Amino acid sequence: MANGGTNFRDGLILCAQGSLREPSGLIYMEAKRPHKTTTLLNNYHGRPFNSPNDVVVHSDGSIWFTDPIYGYEQGFRPKPQLPQHVYRFDPSTGDIRVVADGFGRPNGICFAPNEETCYITDTDFMHGDGTKVHSRPATVYAYSVYWTNDQPYLTNRRVFAYADTGAPDGIKCDVYGNVYAGCGDGINVWNSGGMLVGKILIE
């Protein structure tokens with residue numbers, strides 16, 4: 001069962017959420033027919049992922065993705081064996097590492113145009129069984145991308161925005177740095193300073 005996806009090389013990367021029998025992970029699908037698929041990654045050092053949700057590719061070729069437990073809550077994934085992390089995978093070396101934790105349910109992920117900021121949504125407000133817990137995060141977090149020893153780290157976590165309706169799911173930036181997220185009432189738009197500047201309402 002596919003979820004988030006993005007362009008990669010001459011095809012697409014898809015978040016494969018897996019099933020009770022099939023592992024979850026990242027799948028590369030060629031754009032040309034017959035659309036051959038290749039599993040890029042399906043475990044963290046032998047431990048199965050939960051149900052990868054969204055993915056973004058950095059300009060250095062690394063693949064960043066979120067891994068909440070929605071598949072388990074919805075009954076199509078086994079009991080989690082990992083926390084709900086955000087990961088960075090380097091397909092050129094095979095290196096996989098955790099870059100962020102401490103989420104209720106990490107969901108959408110994207111970079112600012114200059115890649116100095118990474119945005120990650122936490123949709124803990126909405127659980128996989130449909131339960132809504134209004135005291136839990138419906139939040140967009142911003143992180144500074146800090147490089148040291150030739151590796152990127154996510155630092156300076158801060159609240160960028162809190163959705164007033166529903167929870168921010170998928171997230172993208174435009175070339176001007178504005179941030180778009182699908183929320184309970186449609187698409188919410190914030191400027192790079194976290195000010196809500198508009199909504200594309202969907203009835």
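How many bridges join β17 to strand β18 (residues 196–201), and do the two run parallel or antiparallel? In this predicted model, β17 and β18 are joined by five bridges and run antiparallel. Within this pairing, W190 stands opposite L196 of β18. The two strands form a hairpin with five residues between them, and in the turn G194 adopts a positive phi of about 90°.

On its other pairing, β17, which covers residues 186–190, is joined by five bridges to strand β16 (residues 179–183), again in an antiparallel arrangement. Strand β17 is mostly covered, with four of its five residues counted as buried. The loop between β16 and β17 contains G184, which, apart from its neighbours within four places in sequence, is in contact with T165, G166 and A167. The C-alpha atoms of G184 and G170 are separated by 12 Å in space, and the two residues by 14 positions in sequence.

At the level of the whole protein chain, the secondary structure amounts to one helix and 18 strands. The radius of gyration of the chain is 16 Å, close to the 17 Å that the globule rule gives for 203 residues, and the chain is therefore as compact as a globular protein of that length. The C-alpha trace spans about 40 × 40 × 35 Å along its principal axes. Of the 203 residues, 48% count as buried, and the accessible surface comes to about 10200 Å², with 50% of that area belonging to carbon and sulfur atoms. Among the contacts with a separation of 6 or more, 43% are accounted for by residues 24 or more positions apart. As regards charge, the chain carries 17 positive and 21 negative side chains, and the centres of these two sets lie 5 Å apart.

When neighbours within four places in sequence are left aside, the residues in contact with Q17 are M1, A2, N3, S24, N50, S51, P52, F76 and R77. Between Q17 and D124, which are 107 residues apart in sequence, the C-alpha to C-alpha distance is 18 Å.

Strand β3 is also paired with strand β4 (residues 37–41), to which it is joined by four bridges in an antiparallel arrangement, and in this pairing I27 stands opposite T39 of β4. The hairpin of β3 and β4 has six residues between the strands. The loop between β3 and β4 holds P34, and the peptide bond leading from R33 to P34 is cis, with omega near 10°. The loop between these strands also holds H35, a residue that has a positive phi of about 55° although it is not a glycine. With a relative accessibility of 32%, H35 counts as partly exposed.

A positive phi in a residue other than glycine is likewise found at D150, where the value is near 65°. This residue is placed in the loop between β13 (139–148) and β14 (151–162). The relative accessible area of D150 is 70%, and because exposed residues are those over 50%, D150 is classed as exposed.

How values were computed: Residues numbered from 1 in each chain as written. Predicted model: local features only at pLDDT ≥ 70, side-chain atom pairs only at ≥ 80, totals over all residues. Heavy atoms only, no water. Buried < 20%, exposed > 50% of the residue type's maximum accessible area, 1.4 Å probe, protein only. Pairing = 2+ DSSP bridges. Rg over C-alpha atoms; globule rule 2.2 N^0.38 Å. Contact = heavy atoms within 4.5 Å. Areas by Shrake-Rupley, 256 points an atom, 1.4 Å probe, with all protein chains shown as cover. Lys, Arg positive; Asp, Glu negative; His and termini not counted. Charge placed at Lys NZ, Arg CZ, Asp CG, Glu CD.
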